[in-house]
Each structure stands twice: as structure tokens, then as C-alpha cells.
Amino acid sequence: MLIGAPKETKDSEFRVGLTPATVSELTHRGHAVIIEKSAGIGSGLTDDEYRDAGARIVDTPEEIFARAEMVVKVKEPPDGERKMLRRGQILFTYLHLAPDLVQTQDLISSGSVCIAYETVTASSGGLPLLTPMSEVAGRLAPQVGAHALEKEAGGRGVLLGGVPGAPAADVLIIGGGVAGTNAATIALGMGAQVTLLDRSLEVLRRLATQFDGRVRTIFSTRAVIADLVTKADLVIGAVLVPGASAPKLITRTMIKTMKQGSVFVDIAIDQGGCAETSRPTTHSNPTFVVDGVVHYCVANMPGAVARTSTFALNNATLPFTLQLADKGWRQALKDDIHLRNGLNVCDGKITCKPVADAHGLQFTPAEALID
């Protein structure tokens, strides 16, 4: 198979879909790889490293999309790339389609085979291709939140860890999954007072044990959220419903009750955000203020630490990339139900039920297209 990786074009997106190590694995198995010129520079990966791994460097994304049987990316394809997709061509990347009707319609029209990292599952449970980026985003959230709390950045002027005689910041984390757990780890390490909410008692018990009681764990209800946001200096939204739009757990009314200069970091913004006031931002203009609350809603948070994120992502995607290349998409999806769960759009049909439900469109089971 001929596999291609274009340079990412989203604002301040420096990750790349394939590393030289992944390219080497693919070429070792007899596949061919083309990489757009300078695609890996933002992650510290040179064209010469790709050439040494067996890839051919091409000048434009048009050549990638025109020739490659499978395109491996990081972020969802922008409008120009969607227009270049071909019927039967495999697109393997993050898609986050539930909050994005225009992208969904374009992918349907393309007839391409669109496999989303964020809905691929694992036999042990969880979402193995979303996990590494959730880890990164979770660990970044207290860091960016701490900066946004600085007075110069528009915040209250609160130091996350405090100092002797002046209290540490109160950090409220909504969601005890991968992102929320990693956010709690870093917030604790920075010296904050941390409260974590979840609707699973099993998750809360695990977290209470994991953090040895240093994190307050509370069962999440609308009333609890409404109460605790009024006391928090930093709120981190880390909720996830796989494949679906994030629930709006924080209302505009709740935002109005928060402290002036407090900060809200919405890790769920890729799936539409978990606050009514959230809207996607970029690394070049990451924050906005609503009712005195600083909102950080960057839709590609891990792009800020591109090298770490690129290697972490490739470690997770490599086995699935090899399956698709070695077997072709039909056989690979037949053989692996977890990879099959990643199929979101195929041959003009939506094959991910949460995406179909989000847009009120017809759902077609993946099995109907591969048998």
C-alpha cells in the first residue's frame, strides 16, 4: 500500500501523523510512504530522517491526496483537504464529527473510508488512540490554567500552589477519566487544592485510592457543580461521551456565579465543549472572557507540545496503521472489531451511531459495508 502523511495546517498544529520510526516499520513490510516536505519539522523530525527511514518527500499536499491509498493525519481535514479525498481512499486521523455537521457532510460526499482515532476501542476497555492525547491535554490543563490565572493574562492573580501564609488555588475537575486523572496529578504536583467530580462511584473509589485521599472526590450532580464552581479559582472540564457531543454540564448561569478572573479550561472542546459558553479557540489566540471568567478552549491542546504528542500518538496508532496497510481496510475491519469501531464514515454512509444521532442522519452499521 502507498501511505501518505501531509503537513498539518491547523493553527499552531506542529504534530505529524507518521514518525520516521513508523515509516521504517511500514517500509520494512514492503509498503511505500510519501511525506509532505517539512511535515515533521514542528516535531523536530527532519526530511532526511524520513528519507533514511525509506520515505519519499513530496512538495505538496495535493500529491499526497492524489496518490496515497491511505492518508494518515493528526487533526480533522480542513475544507481544502476534504475536497481532495477520493472514493475508497482511507483517511486515518482524529475527526470529532459529532459537533461538526459540515465536515460530516463533506466526508459523506467524498465516498472515502474515514476511521477516527477517537472511537477505536480496546479489548481492555477505553479508547487507546484517544488516551495518549487525553493524557497530554490533561497534564497541560493545570499548566495553561495556572498561566491564565496570572493577572497579566486576565486572571485573578492567583498562584496555583500558593505560598506559606497565602492559600493555594482551588481547582475543580469535572470528569474522572484519563484527562481528568492526569489533570489532577499535575494540579496536585503544583500544590493546588483539588476536587474531582464523576458520576461513577467505582471511578471515585479508584481515584481516592490512587491519590491517597489528597484529592476530594465527589459524586457529580447539577447541584454539586453549581455549588462548587462558585468556589473554584480554576475549573477544568474533562468529560467525554465516546463519539458524541460533550454534555453541557456548565450553564451560562453557573459561569455568571464564578469568581471574577477565575479560569475555565475546556478539554472537551473537540467534542463541542462542556459549557454553554465554550467556543473553539487557537494557540495563537487561546482565551476569551465571558462574564468575567477567562475561558481557555484550544481545540488542539496537545499541539503545544508537538514532539511529545507526536511520539505518544504514533506509539498508539502504529499497530492499527500496520493492520490497515497489510490487510486493506475491509479485511482489517473484519478481523478487528475494535478497529471497526473507529469507522465513522464509509462509502457515503455514517457508520458511527453517536455521529448519526448528533446530526439526525441515517446510521449504517459498519458490518453492512465490509461483509
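Start at D291: in the hairpin of β12 and β13, with two residues between the strands, D291 takes a positive phi near 50°. Strands here are DSSP runs of E, at least two residues long, while helices are runs of H or I of at least four, numbered from the N terminus. You're looking at a predicted model, where local features need pLDDT of at least 70, side-chain atom pairs count only at pLDDT 80 or more, and totals for chains, interfaces and linings use all residues. Residue numbers run from 1 along each chain as its sequence is written, and side-chain values use heavy atoms, with hydrogens and water left out.

Next, select β13, residues 293-296. V293 and H295 point one way, V294 and Y296 the other, and all are buried (under 20% relative accessible area with a 1.4 Å probe, protein chains only). In general, side chains in a regular strand alternate between the two faces of the sheet.

Strands pair if DSSP finds at least two bridges between them. β12 (residues 287-290) runs antiparallel to β13, joined by four bridges, and β11 (residues 263-266) runs parallel to β13 with three. Click H295: this residue is the bridge partner of F288 and also of F264.

Last stop: the largest pocket. A pocket is an open set of points on a 1 Å grid over the protein atoms alone, where a 1.4 Å probe fits, with protein on both sides within 12 Å along at least five of seven lines; lining residues have an atom within 4 Å of a point. This one is lined by 42 residues, and S134, A179, A238, V239 and L240 lie nearest its centre. Select α6 too, which gives the most to the lining, four residues.

How values were computed:
Buried means under 20% relative accessible area, exposed over 50%, partly exposed in between (1.4 Å probe, protein chains only).
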